[in-house]
Amino acid sequence: MTSQIPALIIVVPLLAALVVSLAAWIRQSLCFAAALCAVLAAWISAILVMGRVINQGVITYRMAGWAPPWGISWHIDHLNAVVLILIATVALINLIATRSTAAREFEDRPGVFYALYLLFVTGLMGIVITGDIFNLYVLLEIASLSGYVLLGMGSGRAAVSSLSYLFIGTIGASLYLFGAGYLYIATGSLNMADIAAILPTIEQTGPIQASFILCLIGLFMKMAFFPLHTWLPNAYTHAPNSSASLIAPLTTKVMIYVMIRIILFVYQPDFAFAQMGIDRFIVWLAVIAILAGSLLAWKQERLKRMLAYIIVSEVGYMVGGFWLGNTAGMTGAVLHILNDAMMTLCLFLAAGALISRVQADAFGALQGVFTKMPFSMIAFVAGARSIIGVPPTCGFFSKWYLISGGMEAGHYAFVAALIISSLVNVLLFFRVIEIGYFEPFDSHHPENGQTTREAPLDMLVPLLVTAGLLIVMGFYANTLVTWIVKPAISAATMGGL
Amino acid sequence: MEELAAVFLARYNYWGVILLMGIGLYAMIAKTNMVKKIIGMNIFQTAIILFYISTAAKYGASIPIIANGHGGHGPGIRAADYMNPLPHVLMLTAIVVSVATLGVALALAVRVYWNYDSLEEDEILNQIKAGQLNRK
């Protein structure tokens with residue numbers, strides 16, 4: 001029985017999405033309960049799978065018993081087991097935290113919201129767990145399509161922003177599919193492990209290089225790597241808060257995971273770094289992405305929009321760190337996937353709590369919120385410190401690895417960009433904190449000075465848990481690296497680096 | 001010149017795919033009408049579907065149905081006699097994905113039309129700039 005747990009990670013949320021949309025016909029309050037059970041089950045399965053990976057090593061699960069490379073197999077090692085837990089944790093915390101927000105934003109159809117929520121989680125979990133490049137495309141589109149709808153269901157500009165996201169996202173996914181097609185022509189296989197075994201035995205020219213570049217550009221579009229980021233700020237700013245805080249932490253990070261998976265376990269470092277010779281060029285692009293993201297964030301006057309641009313610069317951290325091509329840089333990139341997802345979740349939940357009480361997220365509206373909502377703001381400050389990289393929050397440790405990776409590779413521009421972006425982040429967040437802490441509340445909100453109060457408990461508790469996790473992950477950063485991140489990377493890079 | 005023509009003709013399926021992708025991308029970038037952009041997106045996806053399908057073809061091959069194949073009683077089977085069925089199967093899934101994308105895109109376009117009474121991107125941008133949302 002326990003050997004079937006990898007299947008449950010996908011099957012439970014997928015079936016639950018159907019159950020939720022049926023339950024909405026009976027009683028709308030059932031939707032949340034059913035979604036909660038499903039996400040909880042996926043979370044427990046992910047943790048059990050992680051335990052098995054640590055104890056017994058890599059799991060290859062054959063879907064419906066078909067042997068690879070003909071059937072679709074699920075390949076679970078340290079790298080994706082930990083990303084699975086991350087996705088399930090973010091989905092679980094966000095589900096509980098946004099219950100009241102979702103009830104307000106999707107009042108007439110909670111069934112639609114929760115069904116899409118589960119489909120989105122299914123898609124992301126599937127992307128991470130699958131060992132088949134075409135299956136990855138299909139699950140990528142499941143996650144993306146439910147994401148477009150979740151983001152587009154807001155009021156005002158949400159639909160326009162989501163539609164332009166859909167255009168860019170579809171081009172990105174199609175380019176990935178095109179690249180996968182070249183890979184299939186060259187190797188005759190779609191199974192990642194099988195391709196990885198075949199690739200070194202054939203001549204790695206033309207089609208393989210084309211497929212590599214096409215997949216990479218497609219993924220860069222999906223992960224909002226500057227200058228392909230244009231869809232992200234609008235899509236996340238105008239989205240409903242309950243879906244923005246699910247999608248913003250996860251989409252870009254999972255796409256970076258896919259890039260790492262494809263490069264380390266399909267094309268393999270020897271080809272991707274030594275033969276392609278584009279690693280330094282991409283690190284330079286990442287330097288530009290980091291600086292541009294920080295500067296664009298500086299120009300914003302609204303909290304959610306500022307956070308969206310910070311994501312753009314964080315994507316630069318991870319892409320750059322990975323393409324440094326040394327163990328420290330890759331460790332930093334993988335660790336930063338975990339940390340950045342949690343800090344983005346923390347900040348977006350805090351922003352959601354603020355918006356639910358103050359009804360606006362322009363900086364001017366945040367005057368004096370510290371006195372009215374002290375606990376939400378404590379969580380916000382914890383998230384901000386983590387983004388800046390102040391110890392003992394987890395952001396410090398991944399940034400440390402990234403910087404030491406940059407030093408080791410001799411790429412000082414990358415190191416400088418990291419430090420400059422940290423300094424800009426200090427300014428960005430202290431501007432918000434200053435407005436919230438030092439300026440009196442009543443001067444800006446004379447009419448609702450009495451009614452504005454701390455966010456409700458069901459929103460506050462998950463938010464504080466997330467903020468606490470940032471510090472816990474900081475304290476256990478070393479354990480995380482030794483037990484999970486190091487084995488994840490060394491599995492692929494034993495020969496090459 | 002003749003060599004170039006030979007290369008061009010030998011790979012005409014790829015050139016067709018590239019042409020279709022160009023048309024699709026052009027429509028998505030240059031057209032301001034949302035529905036035209038959606039059509040461009042669909043052409044782009046179709047180009048990739050055709051790319052996969054064209055890779056399955058072989059000269060002188062027949063459809064991949066093996067008569068009397070069970071039990072291996074028939075004469076020896078040569079893979080070169082049959083088209084590769086896998087790309088076709090993959091593309092069935094990709095077609096479903098592209099239909100779903102089309103549906104979501106059109107649904108979003110309808111919402112956009114409700115909000116702005118227009119599907120022209122420049123008009124919508126003007127309305128956003130002017131800050132006049134005439135929501136219905």
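Reader: Helices are DSSP runs of H or I with at least four residues, numbered from the N terminus. With that settled, where is A:Pro227 found?

Author: In this predicted model, A:Pro227 sits in the loop of chain A that runs between helix H9 (206-223) and helix H10 (231-238).

Reader: Is the peptide bond from A:Phe226 to A:Pro227 cis or trans?

Author: The bond is cis, with omega near 5 degrees. Most peptide bonds are trans. The bond from A:Pro68 to A:Pro69 is also cis, and its omega is near 5 degrees.

Reader: And where does A:Pro69 lie?

Author: A:Pro69 belongs to the loop between strand E1 (59-62) and strand E2 (73-76) of chain A. A:Ala64 lies in the loop between E1 and E2 as well. A:Ala64 has a positive phi of about 60 degrees, although it is not a glycine.

Reader: Is A:Ala64 buried or exposed?

Author: A:Ala64 counts as exposed because its relative accessible area is 70%. In chain B, B:Asp117 has a positive phi too, near 60 degrees. B:Asp117 is in the loop between helix H4 (85-116) and helix H5 (121-130), and with 37% relative accessibility it is partly exposed.

Reader: What is chain B built from, then?

Author: Chain B has 5 helices and 0 strands, so its elements read α-α-α-α-α from the N terminus on. Of its 136 residues, 27% are buried. Among its contacts with a separation of 6 or more, 49% join residues 24 or more positions apart. The accessible surface of chain B is about 8700 Å², and carbon and sulfur atoms account for 67% of that area.

Reader: Turning to cysteines, how many disulfides are there over all chains?

Author: A search of the whole structure finds 0.

Reader: Which residues form the nonpolar patch on the surface?

Author: The patch consists of A:Leu18, A:Leu22, A:Trp25, A:Ile26 and A:Leu30, which together have about 630 Å² of accessible area. Helix H1 (residues 5-26) of chain A supplies the largest share, 4 residues. A:Leu18 is in helix H1, and it is exposed because its relative accessibility is 52%.

Methods
Residues numbered from 1 in each chain as written. Chains lettered and ligands numbered in written order. Predicted model: local features only at pLDDT ≥ 70, side-chain atom pairs only at ≥ 80, totals over all residues. Heavy atoms only, no water. Patch = residues over 30% accessible without salt bridge, like charges linked within 9 Å, V, L, I, M, F, W, Y side chains within 5 Å. Areas by Shrake-Rupley, 256 points an atom, 1.4 Å probe, with all protein chains shown as cover. Salt bridge = Lys/Arg side-chain N within 4 Å of Asp/Glu carboxyl O. Helix = DSSP H or I, 4+ residues; strand = E, 2+ residues; numbered from the N terminus. Buried < 20%, exposed > 50% of the residue type's maximum accessible area, 1.4 Å probe, protein only. Contact = heavy atoms within 4.5 Å. Disulfide = S-S within 2.5 Å.
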